[in-house]
Amino acid sequence: MVTRAEILVLGLTAGVIGCLVGGMLFGIGMGLVVQGAHIGWLMVLPSAPVAGGIGYLLARRLARRLG
């Protein structure tokens, strides 16, 4: 059984790691775009889905413990 504490830790971990990874991708990509390197858009556009994907993978790992 998944406890309330494990769900809380999952949410906090997914939020922190997702923000760090997504923010770094977004920041570096926008820095490149501002300097005129259009390749930066390849980092900016997937930054949010990558951040959400990390939370999804962490949730799947927790769900695997149930079954």
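Modeller: A definition before the surface. A nonpolar patch joins nonpolar side chains within 5 Å, from residues with over 30% relative accessible area and no salt bridge. Keep in mind that this is a predicted model.

Biologist: Fine. Which residues form the nonpolar patch on the surface?

Modeller: Val-16, Ile-17, Leu-20, Val-21 and Val-50. Together they have about 370 Å² of accessible area.

Biologist: Which helix gives the most to the patch?

Modeller: Helix H1, residues 4-34. It supplies 4 residues.

Biologist: Take Leu-20. Buried or exposed?

Modeller: Leu-20 sits in helix H1. Its relative accessible area is 53%. Exposed means over 50%, so Leu-20 counts as exposed.

Biologist: What share of the residues is buried?

Modeller: Buried residues make up 21% of the 67.

Biologist: Switching to the fold. How many helices and strands?

Modeller: There are 3 helices and 0 strands. The order from the N terminus is α-α-α.

Biologist: What about overall shape?

Modeller: The radius of gyration is 15 Å. For a compact globule of 67 residues, expect a value near 11 Å. The C-alpha atoms fill a box of roughly 50 × 20 × 10 Å along the principal axes.

Biologist: Last one. Of the contacts with a separation of 6 or more, what percentage joins residues 24 or more positions apart?

Modeller: Those account for 55%.

Conventions:
Residues are numbered from 1 along each chain as its sequence is written. This is a predicted model: local features need pLDDT of at least 70, side-chain atom pairs count only at pLDDT 80 or more; totals for chains, interfaces and linings use all residues. Side-chain values use heavy atoms; hydrogens and water are left out. Helices (H or I, at least four residues) and strands (E, at least two) are DSSP runs, numbered from the N terminus. The radius of gyration is taken over C-alpha atoms; the globule rule is 2.2 Å times the number of residues to the power 0.38. Buried means under 20% relative accessible area, exposed over 50%, partly exposed in between (1.4 Å probe, protein chains only). Contact means heavy atoms within 4.5 Å. Patches are made of residues with over 30% relative accessible area and no salt bridge: like charges are joined within 9 Å, nonpolar side chains (Val, Leu, Ile, Met, Phe, Trp, Tyr) within 5 Å. Accessible areas come from the Shrake-Rupley method with a 1.4 Å probe; for residues, only the protein chains shown count as cover. A salt bridge is a side-chain nitrogen of Lys or Arg within 4 Å of a carboxyl oxygen of Asp or Glu.
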